[in-house]
Amino acid sequence: MGSDPYFPANGDPRFRVHRYELALDYRPGPNRLSGTARLNAIAGRGALAEFQLNLADFRIGRIRVDGKAPHYTHRGGKLRVRPAKPIRAGAAFTVEVHWAGNPKPVNSPWGGIGWEELEDGALVASQPVGAPSWFPCNDRPADKASYQISVTTPSAYVVVAGGRLLTRTTKASTTTWVYEQAAPTSSYLVGLSIGKYQTVLLGDPGLGGVPQTGHLPADLLAEFSRDFARQPAMMELFEELFGPYPFGEYAVVVTEEELDVPVEAQGLSLFGANHVDGARGSERLIAHELAHQWFGNSVSIADWRHIWLNEGFAKYAEWLWSERSGGRTTQQLAAVAHRKLSGRPQDLVLGDPGRKLMFDDRLYERGGLTLHAVRCATGDTAFFRMLRGWAALHRGGAVSSAAFVAHVARYAAEPLDDLFGAWLHTAKLPPLPVLTAPLPARPSYPPTNADSV
């Protein structure tokens, strides 16, 4: 698998990392970060005379490859490393990097992304190429690894990362938080938030259920409690439709500041204070971010050309939640999306939108409509069996549009080549797909305030 065609400067396909161990020390006042990263990696099919990591503008303290000092250069966000002797093809090796500095977002076509200093704390929102803003990584979505993250910060702050909290140890005025994310994780999906939060449980997961926690400013507790009250019901629905939740736990963080959009990370989603209004005004976004845990996080994309497999699936999950919670049906919401797209330029090719359009609103809507078209063509029984099979078969892996088309073919009664040709590979918007046998009108959950009919 070669370099990502949208971000050829990010990642190195000549090797893969299977584990990161990050030990960080962060001081919010001066926004000072120092860290040590230990990467356990495996060389690809060729010997590695040199390799590349991505890391933003930090001061490098020390680098070791298998315990020995290599030659290296660090310019323009690229850390080029030449080991003392080449690494054999297929061989395991370790890289240790010490770095320090003032973390800040990295530049991208969408502005600064990655580590963001807040008024009183910090958060990480790395999609798609912001991970190097805070740690050295092989920054390509298909290179998935397990992570252990240790963060030491003043004890007044709570540290939230994706994964299981192993230990929290206080010494003098600082506390060290250690999280383990055992599931394979893309570098851009390593989430982190540091702030003065109150922690609450969302519902009672019961035996075998998914623990769900919220971390938020104490003054938003009343609004949060209403806005996120139905997240456990979303979890129940999505496990019914998509299969078991793919991770050990799920956390949501609400920052004191406003965010343009919520951000998903592995086992974690980040919301701004503007997404909490006490009237469930952002409930569709809560559903959207939760759905990403199956589609985008557990089942990741091989490269950024296939981003509709993340966003289209999460968009369709919004519609499914609306229908099952007594709001507008998937067919009604598909019609709204189709009307919206009909009045917009017809220049987006869903299966390969190009870097400029990969976060265009039209990609989300057309992605949802593509799944609706598949559902209309296959019927509900085959469609949801297909979705559960997709999530199970590729759990922890990376996929492409071609893989999805081949997967759907195993569940369809007749060939769908024309359908996928029109929806994925043609810019012109196809006609609105119509669901001939919608789900019975039996809402499983009470209607929302914001979206009932």
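**Cavities, pocket and domains**

Author: The second largest cavity holds about 60 Å³ of space. Its lining consists of Tyr147, Ile149, Gly162, Gln181, Thr185, Leu189, Val190, Gly191 and Gln266. Strand 10 (145–154) and strand 13 (174–185) are the elements that give two or more residues to this lining. The model is predicted; local features need pLDDT of at least 70, side-chain atom pairs count only at pLDDT 80 or more, and totals for chains, interfaces and linings use all residues. Residues are numbered from 1 along each chain as its sequence is written, and side-chain values use heavy atoms, with hydrogens and water left out.

Reader: How is such empty space found?

Author: Rolling a probe the size of a water molecule over the atoms shows where empty space is left. On a 1 Å grid over the protein atoms alone, a cavity is a set of points where a 1.4 Å probe fits but cannot get out; a pocket is an open set with protein on both sides within 12 Å along at least five of seven lines, and lining residues have an atom within 4 Å of a point. Points are joined across faces, edges and corners, and a volume is the space filled by probe spheres set on them.

Reader: What is the volume of the largest cavity, and which residues line it?

Author: The largest cavity has a volume of about 70 Å³. Among the residues lining the largest cavity are Leu341, Pro345, Arg362 and Leu429.

Reader: What is the volume of the largest pocket, and how many residues line it?

Author: The largest pocket has a volume of about 1200 Å³ and a lining of 46 residues, with Asp260, Val261, Pro262, Leu285 and Tyr364 nearest its centre. Helix 4 gives the most to this lining, 6 residues (helices are DSSP runs of H or I, at least four residues, and strands runs of E, at least two, numbered from the N terminus).

Reader: Which domains does the assignment give?

Author: Domain bounds come from an automatic or database assignment. Here they are domain 1 (1–193), domain 2 (197–294) and domain 3 (300–425). The contact between domain 2 and domain 3 takes 20 residues from domain 2 and 16 residues from domain 3, where contact means heavy atoms within 4.5 Å.

Reader: Where does pLDDT stay under 50?

Author: pLDDT is the predictor's confidence in each residue, from 0 to 100. Where it is low, the predicted coordinates should not be read in detail. The protein averages a pLDDT of 94, but the value stays under 50 over residues 440–453.
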